[in-house]
Amino acid sequence: NSDLQLQYQITKFGEGDRLLVARDITRLLRLEQTRQDFVANASHELRTPLTVIRGYLETFLDQELPRPLQRGLGQMQQQARRMESLVTDLLLLSRLEASQHISDEHPILIHSLIRQIHEDGEALATGRGHHFVLELDSEYDLLGQENELRSAFSNLVFNAVRYTPDNGTITLRWQVDSQGGHFSVSDDGIGIEPMHLPRLTERFYRIDESRSSASGGTGLGLAIVKHVLMRHGAHLSIDSTPGEGSTFTCHFTPDMVVPVRETDAG
Ligand code: ADP
């Protein structure tokens with residue numbers, strides 16, 4: 001049967017004896033595929049009705065309306081926006097899960113990407129007095145899928161903005177050493193208790209449900225970061241102290257790092 005998927009495990013014992021266990025995981029993989037297809041189709045199907053609802057709400061809100069009606073419709077509009085972000089993130093996540101590796105690797109201009117993300121972060125932080133610091137190694141670029149890396153890096157910056165009280169400092173850093181390239185986002189915000197760290201990149205895992213949803217997150221941000229990095233052969237590390245702040249670092253292997261071409265610099 002060519003569709004049969006087996007998982008092997010070899011255990012050594014005694015003087016050169018080996019035990020080979022083959023496990024049939026065909027059904028498991030098929031179930032996982034069904035789950036992924038379902039999420040992708042459901043998110044796609046939810047998109048159209050949501051767009052219609054949002055459209056009507058916007059038209060109604062343009063009219064002169066009694067205060068209670070205005071308030072109710074405003075709330076509905078806010079929740080519809082939240083649902084749209086959820087659907088977008090669910091679709092993105094199911095696309096990322098559909099294949100394990102990025103198809104083609106282009107050098108991305110990590111410096112301009114970080115500058116754009118910095119601008120988006122500043123826009124989100126408008127009126128909150130956050131101070132942004134950029135520390136970029138100007139000699140090296142990164143190989144990767146630009147849109148995916150933009151989603152991953154933006155999620156880290158948006159989280160830093162959302163989980164840092166007003167007037168905080170947020171640092172974006174791109175560093176290269178013998179271990180590879182490292183992009184990190186540090187904040188001096190609320191921090192994370194160590195017990196939560198192992199589960200933080202799970203879908204919908206949240207430390208403080210009310211705070212997270214109030215600040216506009218979907219609960220899928222770090223799951224997206226994890227999948228994007230996995231597809232780049234990279235990984236995420238989290239260093240955090242409650243009450244002092246957090247640093248999220250994306251570690252890329254040395255073969256993903258390339259020197260900046262003269263024409264791209266600056
Ligand atoms: P959410 O949309 O809830 O922010 P994420 O997957 O992006 O979802 O993050 C998961 C949880 O990790 C958040 O709910 C929050 O509790 C915690 N978290 C993420 N980033 C930070 C940060 N910079 N500082 C403190 N907590 C954070």
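H235 sits across from H251 of strand β9. Its own strand, β8 (residues 235–241), runs antiparallel to β9 (residues 245–252), and seven bridges join the two. This is a predicted model, where local features need pLDDT of at least 70, side-chain atom pairs count only at pLDDT 80 or more, and totals for chains, interfaces and linings use all residues. Numbering starts from 1 along each chain as its sequence is written, and side-chain values use heavy atoms, with hydrogens and water left out.

**The hairpin**
- Three residues lie between β8 and β9, and G243 in this hairpin takes a positive phi near 80°.
- Strands here are DSSP E runs of at least two residues, helices are H or I runs of at least four, and strands pair if DSSP finds at least two bridges between them.

**The cores**
- The largest nonpolar core has 40 residues, with L142, F153 and F252 making the most contacts inside it.
- Such a core joins buried (under 20% relative accessible area, 1.4 Å probe, protein chains only) Ala, Val, Leu, Ile, Met, Phe, Trp, Tyr and Cys residues through side-chain atoms within 4.5 Å.
- Elements that each supply at least two residues of this core include α2 (67–98), β5 (140–144), α4 (146–162) and β9.
- Helix α4 gives the largest share, seven residues.
- Leaving out residues up to four places away in sequence, F252 touches (heavy atoms within 4.5 Å) L142, L149, F153, W174 and L229, among others.
- Another core, of six residues, lies apart from the largest one and includes L50, L73, A80 and V87.

**Before β1**
- L4 is found in the segment before β1.

Conventions:
Buried means under 20% relative accessible area, exposed over 50%, partly exposed in between (1.4 Å probe, protein chains only).
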